[in-house]
Amino acid sequence: MNNIMNITNINNKNFKKIFLMVFMVLLIMAFTIGAVSAVSEKITNGNGYSQLNYENKYYTVEEKTFFKLNSNGDYSTGNEYISLKLKKSIKNTYKINSIKIRYTKDTFMEKETKYITLKPKDKSSILIKIPHNYNSYYWITGAQVNFVKNGKKGSIKLSEPNDDTWTDNTVFNGKTAKVVTSERGYSHDNLKGQGRFPIMTYNKIKITTKSSKYKIKSVIVKYIQMVSGDVTLHTFKGNGKTTMTINTPAKYRQLHLSSRGFKINYY
């Protein structure tokens, strides 16, 4: 009888050990599954460009600036190009000889001005590439297009327009997803020389996860107030999709997408 009781006690102890081991394994699995299902990522690294278009009775201008965004949301400018084209109505009358650009560096420590003169190839358009090392220190403070009209020389000063159209396109790359943003709008100077205020007409965000296991629960988008510069957060539901497009509601149209990126939450 004692032998039977001893065997029973041993079996009970073994059962308790096995039960405890199984319980621990299940607990670890549940924790792991919970951790995986609660994944989220902040995506701030990106590359993109902004484009500005305007015109007067003589020419059309397209300014394009390339930029990078790092993990802190810091903005750094890359190459910048300005394309000037004579309008078709005056192509046969006017011929571009050259364009003279004035760059100014004006800081607390120093003030400096540089001039660059460029000549076109086809006499009806010219492409200006801003030197990369100028972007951080200099900005264009004046430009003059020298031309020939019916054999007589003349010049036109490039002036700030009252109206323009603009575009911003950025590709953000994260570990779990890629985010492509596109914004378009226009600016108008209501105060006659006091500055153009940007108006947004189109704002689209497309999110594509890099694996089918990442099902989007929600996306937190950072917007920046165009006037005050304040950053505001807005959350959009993902409903378990792996590809999601956000057409920003009209009530947010005066909010520019912040370079500080996005936060994507997954199921």
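Leucine 257 counts as buried, because its relative accessibility is 8% and the cut-off for buried is under 20%. Bear in mind that this is a predicted model. In the chain, leucine 257 belongs to strand 16, which covers residues 255-266.

What does leucine 257 touch, not counting residues up to four places away in sequence? The list is Thr181, Glu183, Asn203, Ile205, Val221, Lys222, Tyr223 and Ile224. I will follow one of these, Thr181.

Threonine 181 and leucine 257 are 76 residues apart in sequence, and their C-alpha atoms are 8.5 Å apart in space. Threonine 181 sits in strand 11, residues 177-188. Is threonine 181 buried or exposed? Its relative accessibility is 5%, so threonine 181 counts as buried. With neighbours within four places in sequence left aside, threonine 181 is in contact with Asp168, Asn169, Thr170, Phe172, Lys204, Ile205, Leu257 and Phe262. Ile205 is among the contacts of threonine 181, and Ile205 is also among those of leucine 257.

Now the chain as a whole. It has 1 helix and 16 strands. Of its 267 residues, 34% are buried. Take the contacts with a separation of 6 or more: 61% of them are between residues 24 or more positions apart. The chain exposes about 17300 Å², and 54% of that comes from carbon and sulfur atoms.

As background, nonpolar side chains in soluble globular proteins tend to be buried together. Here, the largest nonpolar core has 22 residues, and the members that touch the most others are Val61, Leu84, Ile99, Ile101 and Ile128. Which elements give two or more residues to this core? They are strand 2 (46-55), strand 3 (59-69), strand 4 (75-86), strand 5 (94-106), strand 7 (125-130) and strand 8 (139-149). Strand 5 gives the largest share, 5 residues.

Ile205 has come up already, as a contact of leucine 257 and of threonine 181.

Back in the largest core, isoleucine 99 is one of the residues that touch the most other members. Leaving aside neighbours within four places in sequence, isoleucine 99 is in contact with Ile116, Thr117, Leu118, Ile126, Ile128, Gln144, Val145 and Leu158. One of those contacts, Ile128, is also on the list of core members that touch the most others.

Note on methods. Residues are numbered from 1 along each chain as its sequence is written. This is a predicted model: local features need pLDDT of at least 70, side-chain atom pairs count only at pLDDT 80 or more; totals for chains, interfaces and linings use all residues. Side-chain values use heavy atoms; hydrogens and water are left out. Helices (H or I, at least four residues) and strands (E, at least two) are DSSP runs, numbered from the N terminus. Buried means under 20% relative accessible area, exposed over 50%, partly exposed in between (1.4 Å probe, protein chains only). Contact means heavy atoms within 4.5 Å. Accessible areas come from the Shrake-Rupley method with a 1.4 Å probe; for residues, only the protein chains shown count as cover. A nonpolar core is a set of buried Ala, Val, Leu, Ile, Met, Phe, Trp, Tyr and Cys residues joined through side-chain atoms within 4.5 Å.
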